[in-house]
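Try each task before you read its solution.

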Amino acid sequence: MAFVKKVSLFLFSLVFISSSLIAQDSEVSDADMKLFASAFQQVQAVNQQVQNKMVGAIQAEGLDIQKFNEIQQASQAEGEESDISEEDMAKYQKSIQAIQAVQQEAQQQMKKAIEESGLAVEKYQNIMRAVQEDPAIQAKLQEILSE
């Protein structure tokens with residue numbers, strides 16, 4: 001599951017954090033915060049589905065999550081000998097391709113969810129950054145989500 005969490009974090013970061021965005025004032029209107037909360041919940045639902053699909057893609061290739069993670073770690077360890085069979089490596093490579101397809105689909109679903117909530121993706125990104133950086137805005141989000 002460590003891999004799934006890493007991939008989820010990567011996916012979340014890839015879709016919603018852009019290094020080219022200009023720093024914004026962390027003031028967020030109540031109306032925007034409500035739109036953001038709605039979009040955030042939809043994005044979280046997509047994220048959960050994506051995690052399940054990634055696990056399914058790995059299992060469909062005949063690997064369990066533990067074996068996939070072992071191969072992932074071994075493939076990142078440069079210069080070290082590995083006892084991974086060619087068959088398992090082929091399964092791993094097919095799993096990676098399937099995961100990439102799932103991630104691409106998820107990016108589109110997340111973008112659609114954000115836009116359908118009434119926010120532009122860039123505005124969502126700016127509010128997400130504000131939520132991450134400002135405890136008061138985090139509290140506002142928690143309050144809206146718990147309603």
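This is a predicted model: local features need pLDDT of at least 70, side-chain atom pairs count only at pLDDT 80 or more; totals for chains, interfaces and linings use all residues.

**Exercise 1.** Compare the reach of helix 4 with the span expected at 1.5 Å a residue.

Solution. Step one: helix 4 covers residues 86–116, which is 31 residues. Step two: take one less than the number of residues, times 1.5 Å, for the expected span. That gives 45 Å for helix 4. Step three: from first C-alpha to last, helix 4 reaches 45 Å, close to the expected value. Just after helix 4, Gly118 has a positive phi of about 105°.

**Exercise 2.** How are helix 3 and helix 4 oriented to each other?

Solution. Start with the axes of helix 3 (residues 65–76) and helix 4: they come within 10 Å and cross at roughly 95°. Angles of 65 to 115 degrees count as roughly perpendicular. Helix 3 and helix 4 are therefore roughly perpendicular to each other. Next, find the contact: helix 3 gives Lys67, Phe68, Ile71, Gln72 and Ser75, while helix 4 gives Asp88, Met89, Tyr92, Ser95, Ile96 and Ile99. Sort them by class: six are nonpolar, three polar and two charged.

**Exercise 3.** Which residues of helix 4 are buried?

Solution. Apply the cut-off: buried means under 20% relative accessible area. Among those that pass in helix 4 are Asp88, Tyr92, Ser95, Ile96 and Ile99. Further along helix 4, the buried residues include Val102, Gln103, Ala106, Met110, Ala113 and Ile114. Over the whole protein chain, 38% of the 147 residues are buried.

Notes
Residues are numbered from 1 along each chain as its sequence is written. Side-chain values use heavy atoms; hydrogens and water are left out. Helices (H or I, at least four residues) and strands (E, at least two) are DSSP runs, numbered from the N terminus. Buried means under 20% relative accessible area, exposed over 50%, partly exposed in between (1.4 Å probe, protein chains only). Axes are lines fitted to C-alpha atoms, for helices over the stretch in contact, and angles run from 0 to 180 degrees between N-to-C directions. Angles under 35 degrees count as roughly parallel, over 145 as roughly antiparallel, 65 to 115 as roughly perpendicular and the rest as oblique. Contact means heavy atoms within 4.5 Å. Ala, Val, Leu, Ile, Met, Phe, Trp, Tyr, Cys and Pro count as nonpolar, Asp, Glu, Lys and Arg as charged, and the others, Gly among them, as polar.
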